[in-house]
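Trainee: I am new to this structure and would like a close look at one part of it. Could you walk me through the place where two neighbouring parts of the chain meet?

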Amino acid sequence: MDTKIGSLDTCKPTSNDVGSPPNGSVCTIQGSVSPTTVLNSCEATLGRHLARRLVQVGVTDVFSVPGDFNLTLLDHLIAEPGLNLIGCCNELNAGYAADGYARSRGVGACVVTFTVGGLSVLNAIAGAYSENLPLICIVGGPNSNDYGTNRILHHTIGLPDFSQELRCFQTITCFQAVVNHLEDAHELIDTAISTALKESKPVYISISCNLPAVPHPTFSREPVPFSLAPKLSNKMGLEAAVEATAEFLNKAVKPVLVGGPKLRVAKACESFVELADASGYALAVMPSAKGLVPEHHPHFIGTYWGAVSTAFCAEIVESADAYLFAGPIFNDYSSVGYSLLLKKEKAIIVQPDRVVIGNGPTFGCVLMKDFLRALAKRLKHNNTAYENYHRIFVPEGQPLKAAPKEPLRVNVLFQHIQKMLSGESAVIAETGDSWFNCQKLKLPKGCGYEFQMQYGSIGWSVGATLGYAQAVPEKRVIACIGDGSFQVTAQDVSTMLRCGQKTIIFLINNGGYTIEVEIHDGPYNVIKNWNYTGLVDAIHNGEGKCWTAKVFCEEELIEAIETATGAKKDCLCFIEVIVHKDDTSKELLEWGSRVSAANSRPPNPQ
């Protein structure tokens, strides 16, 4: 399989760009220009080298916020023909946008200024770390002459020690490069970028503000294409793991498969589907893996999320006598307050580089994609669990018919969003009740889906929508955002307009932090109501293509969707949906009570 630029770490079942070359081959990311090209002095600079490297690995859009320490660097990024610099309203959103971009392209990048910018973007970088996304965070640093001089600089906390920002990033990035000498700049930059791609984690690159424009012999030629050696499975360990797993599963009466979020970082989506095809097992996903497994698969049974699973899925998974989880993350949210009815002795846990079989052996140095492909050839076909699902399944009912002009209900809203989905669309779900409502959407072939479950940072979706839409302009992104989350990051709707994006944003206005209400209510969960359509109209200010609507009932919603997908299909469409403050999914009510119980456990006696 050829590895295409920009698809290194993507894992989408409907794409032909998934994954990386087979084991034993070399993953080469080719540049578009021969590495023998000799550059003139204005191109042979640190800034242009970094720009060419970004383009080479698939980054054609960089999200930035200017500051005096990064301005010269930005000049040199702009000068690169293949690179588009996108100015964001704040550093947090720039980081979120790079996160969304990386989910689609396989790698993303943002550029901020020293300390005031770096500390502002930290939260977004931490989220990318938790979701295993390769993200290149570039910071314009102090003049190289200021290091070690005991001087106090602006944008710092007033101490002559410049390492505060670096120390913060050390905990949320897999590599940190502080470039304050031209001699080792080439090596540090290349090591950082290649490490981000290999580890599928964010990296930090600080570049002294006086270096980007300086020519140096190490930058006199086009960057040599990266050659990233792939990780390899231990052959004997792989064979032993497959043998033990096949024996375990072939003895089972009604085994099932459950996909987890680490399928993406393991680049194992395709091999997981191959296993499902070969085995005939019922196929489910954990909530944070929605979108990684094709929901049109003939044996797909839905989302396994304990007590808040999609209909009839939990019953099949939890009653199975064997279940294989590929790339799971079991935290308090995904386990619904530690209430999953699973037994370790029935479980095979497949992580990106290890396999654990029940209470028995563990096999390390075994890559998930190799293991799943090999296992597919050893399993007996067994569709018992799917047949059981098929017997008990009752199609989901329709929401109660709304009376004319009746206030709009959330379940009616999502019934209409479901009808909008196609292979040319993608869904971004914000933290909150949108998690649960979007989880019930049935994704057609090719429809993208993203949300941030492990980190769960409210406001993530605005920046992520900006980045994701920029990465795949051929798809129309549908973002479902609560009013509380939108208030955190609303400014960068303006950047969407500047970029000419055609996203449809459904702003669900229910007057507060509903997900927090269902965990633990208090007056702090009520927010100041905004005129959200008025706000977006003000941001629009007559520049760019924008259309807004405020809807109170189903008739108005239908009309707004028809306009957004028809006459205004080339515009950014913002639809504010007014719903009752207590209108939530039944899943959130159940989940909230269980998470609340987990959070409020009394201290163990000491």
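Predicted model: local features only at pLDDT ≥ 70, side-chain atom pairs only at ≥ 80, totals over all residues.

Let us get our bearings. The protein chain is split into domain 1 (41–219), domain 2 (235–392) and domain 3 (410–592).

How much area is involved? The size of an interface is often given as the accessible area lost when the parts come together. Here domain 2 and domain 3 bury about 1600 Å² between them, and 65% of that is on carbon and sulfur atoms. On the side of domain 2, Lys-290, Trp-305 and Tyr-333 lose the most area to domain 3, and together they make up 38% of what that side buries.

Now for the polar side of the story. Using the term we began with, eight residue pairs are in polar contact across the interface of domain 2 and domain 3, both residues at pLDDT 80 or more.

Side chains of opposite charge can pair when their charged atoms come close. One salt bridge is found across this interface. Look for Arg-264 and Glu-450, whose side chains meet in a salt bridge with 2.7 Å from N to O. In the structure as a whole there are 20 salt bridges; among them is the one between Glu-243 and Arg-378, at 2.8 Å from N to O.

Finally, step back to the nonpolar cores. The largest holds 101 residues, and those touching the most other members are Phe-63, Phe-414, Phe-486, Phe-506, Ile-575 and Trp-591. Leaving out residues up to four places away in sequence, Phe-414 touches Asn-437, Cys-438, Leu-441, Cys-480 and Ile-508. A second, separate core has 36 residues, including Leu-249, Leu-275, Leu-292 and Leu-375.

Methods. Residues numbered from 1 in each chain as written. Heavy atoms only, no water. Domains from an automatic or database assignment. Buried area = accessible area lost by both parts, 1.4 Å probe. Salt bridge = Lys/Arg side-chain N within 4 Å of Asp/Glu carboxyl O. Polar contact = N/O pair within 3.5 Å; in protein donor to acceptor, adjacent residues only side chain to side chain. Core = buried A, V, L, I, M, F, W, Y, C linked by side-chain atoms within 4.5 Å. Buried < 20%, exposed > 50% of the residue type's maximum accessible area, 1.4 Å probe, protein only. Contact = heavy atoms within 4.5 Å.
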